[in-house]
Amino acid sequence: MRFHKKQAFDPGAPRRYNTDSKGGIAVKYTKLGATDLTVSRICMGCMGFGDAKRGQHTWTVDEETTRAIVRRGLELGINFFDTAIAYQSGTSEQYLGRALRDFARREDVVVATKFLPRTNEEIADGVSGQEHIRRMIDRSLANLGMDYVDLYIYHMWDWQTPLEDIMEGLNEVVKAGKARYIGISNCFAWQLCRANDIADREGFAKFVSVQGHYNLIFREEEREMAPFCRLEHIAMTPYSALAGGRLAKHPGETSKRLREDSYARFKYDGTAEADAPIIARTAEIADRRGVSMTEVALAWLLGRVTAPIVGATKVSHVEGAAKAADLVLTAEETAWLDEPYVPHPLEGVMAQNTPDAARAAHVWSTGSQTI
Ligand SMILES: NC(=O)c1ccc[n+]([C@@H]2O[C@H](COP(=O)([O-])OP(=O)(O)OC[C@H]3O[C@@H](n4cnc5c(N)ncnc54)[C@H](OP(=O)(O)O)[C@@H]3O)[C@@H](O)[C@H]2O)c1
């Protein structure tokens, strides 16, 4: 049977989850917000997978390494995977899709991918928001070798396309069976609220999850997004849960990514001094408890969100992440980690979430693949 042949989804069908995985590590599961999707509490972030010559990042890992990481994640019980059309010209989607086809059953995994805003060329050519989304999902499904994704995510706010068109386009994707649910990333709480109000009014699919930038050293989501998600039962699946590795490495430790990931440096270098005490406290608790910094940083986040999205460039990284679900921080440890934080300016994609920035050149694109 070909993996990507559409299989009718039966929510009552038994699912294969690892409860007693190799190495004694057992990932825990939860529902994704108000949906019937059962997801591992750790989501595998796939931005670090893909052809390093074909995209924004020079530090991504090749297909063989990707396969080993995905395989180990599945063995450990991780069933939730996050990729995007923007990652290395679609090669992240391609590597992930092929690995899942070989190592998992489609109905046992929850696959999320994301689409980008309309390009200036599409706008000039009169391509509507609805048509744009149709092209994007079809390209992603071809990259993944799948007939549907479980979660289709609006990657970043598209100031140049009417929100009604986006919501209608997404609703068509769901109606066509190409996505089971929709989620959103990199938005303000008011934007999510407005979008779901339109969906409510029109009877469209609503956003069930939000993928924002949230970790121990970047906590701006706590102002408005976290209370709003609690109120609406929307799942929080934050990205850069380890601050691109900064919360996983003892001061002084380095890596190819830490040296070459200029986008992450742009996100964190400006506040490095304010963040250093938090990173030091993470390391101190890890040493005291005899666990990794990854476990401490993720345990902190697991107390607040549905499923953090964690990137990995080595098999050992996944093991560290999977173990985090077993670590429970004490109230004193949590308070001690919380205490040094000071409000941070918005950086990265959220700093560009303005009408003016929308017209400027963006670091994100579909790369060398044509849509
Ligand atoms: N929606 C969005 O706009 C958006 C933006 C960014 C990311 N994301 C998603 O979120 C995922 C995670 O984001 P991210 O990669 O920026 O951040 P992350 O999870 O904060 O950091 C991942 C990095 O941490 C290091 N690491 C992980 N486990 C480790 C361990 N046990 N010991 C030491 N180092 C470890 C690795 O870096 P080294 O290679 O340096 O060792 C790895 O690449 C992405 O893959 C993507 O799916 C989404």
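Which residues come nearest to the ligand? This is a predicted model. In it, 31 residues lie around the ligand, and Gly45, Met47, Gly245, Gly311 and Gly320 come nearest.

**The shell around the ligand**

Three elements each supply at least two residues of this shell: helix 8 (256–260), strand 10 (309–311) and helix 12 (315–323). Strand 10 gives the most, with 3 residues. The shell has 16 polar, 12 nonpolar and 3 charged residues.

**Helix 11, a covered helix**

Helix 11 spans residues 293–302 and is mostly covered. Of its 10 residues, 10 are buried. Among them are Met293, Val296, Trp300 and Leu302. What do the buried residues of helix 11 pack against? Their partners are helix 10 (272–289), strand 10, helix 12 and helix 13 (331–338). Strand 10 and helix 12 also supply residues to the shell around the ligand.

| Pair | Axes come within | Crossing angle |
|---|---|---|
| Helix 1 (residues 63–75) and helix 2 (residues 91–103) | 9 Å | roughly 50° |
| Helix 11 and helix 12 | 8 Å | roughly 45° |

Take helix 11 and helix 12, which cross at roughly 45°. That angle makes helix 11 oblique to helix 12. Their crossing is right-handed. Helix 11 brings Thr294, Glu295 and Leu298 to the contact, while helix 12 brings Gly320, Ala321 and Lys323. By class, this contact has 2 nonpolar, 2 polar and 2 charged residues. Gly320 is also one of the residues that come nearest to the ligand.

Now take helix 1 and helix 2, which cross at roughly 50°. Helix 1 and helix 2 are therefore oblique to each other. Helix 1 passes helix 2 in a right-handed crossing. On the helix 1 side, Glu63, Thr66, Arg67, Val70, Arg71 and Leu74 make the contact. They meet Tyr95, Leu96, Ala99, Leu100 and Phe103 of helix 2. This contact has 7 nonpolar, 1 polar and 3 charged residues. An α-helix has 3.6 residues a turn, so residues three or four places apart point the same way.

**Thr370**

Is Thr370 buried or exposed? Thr370 has 8 other C-beta atoms within 10 Å. A residue counts as exposed at 12 or fewer, so Thr370 is exposed. Thr370 lies in the segment after helix 15 (355–359). In sequence, Thr370 and Ser89 are 281 residues apart. In space, they are 9.0 Å apart, C-alpha to C-alpha.

Technical notes. Residues are numbered from 1 along each chain as its sequence is written. This is a predicted model: local features need pLDDT of at least 70, side-chain atom pairs count only at pLDDT 80 or more; totals for chains, interfaces and linings use all residues. A residue is near a molecule or strand if its C-beta atom, placed from the backbone, lies within 6 Å of it. Helices (H or I, at least four residues) and strands (E, at least two) are DSSP runs, numbered from the N terminus. Ala, Val, Leu, Ile, Met, Phe, Trp, Tyr, Cys and Pro count as nonpolar, Asp, Glu, Lys and Arg as charged, and the others, Gly among them, as polar. Axes are lines fitted to C-alpha atoms, for helices over the stretch in contact, and angles run from 0 to 180 degrees between N-to-C directions. Angles under 35 degrees count as roughly parallel, over 145 as roughly antiparallel, 65 to 115 as roughly perpendicular and the rest as oblique. A crossing is left-handed if the near helix is turned anticlockwise from the far one by less than a right angle, and right-handed if clockwise. Two residues are in contact if their C-beta atoms, placed from the backbone, lie within 7 Å. A residue is buried if 20 or more other C-beta atoms lie within 10 Å of its own, exposed if 12 or fewer, and partly exposed in between; C-beta atoms are placed from the backbone.
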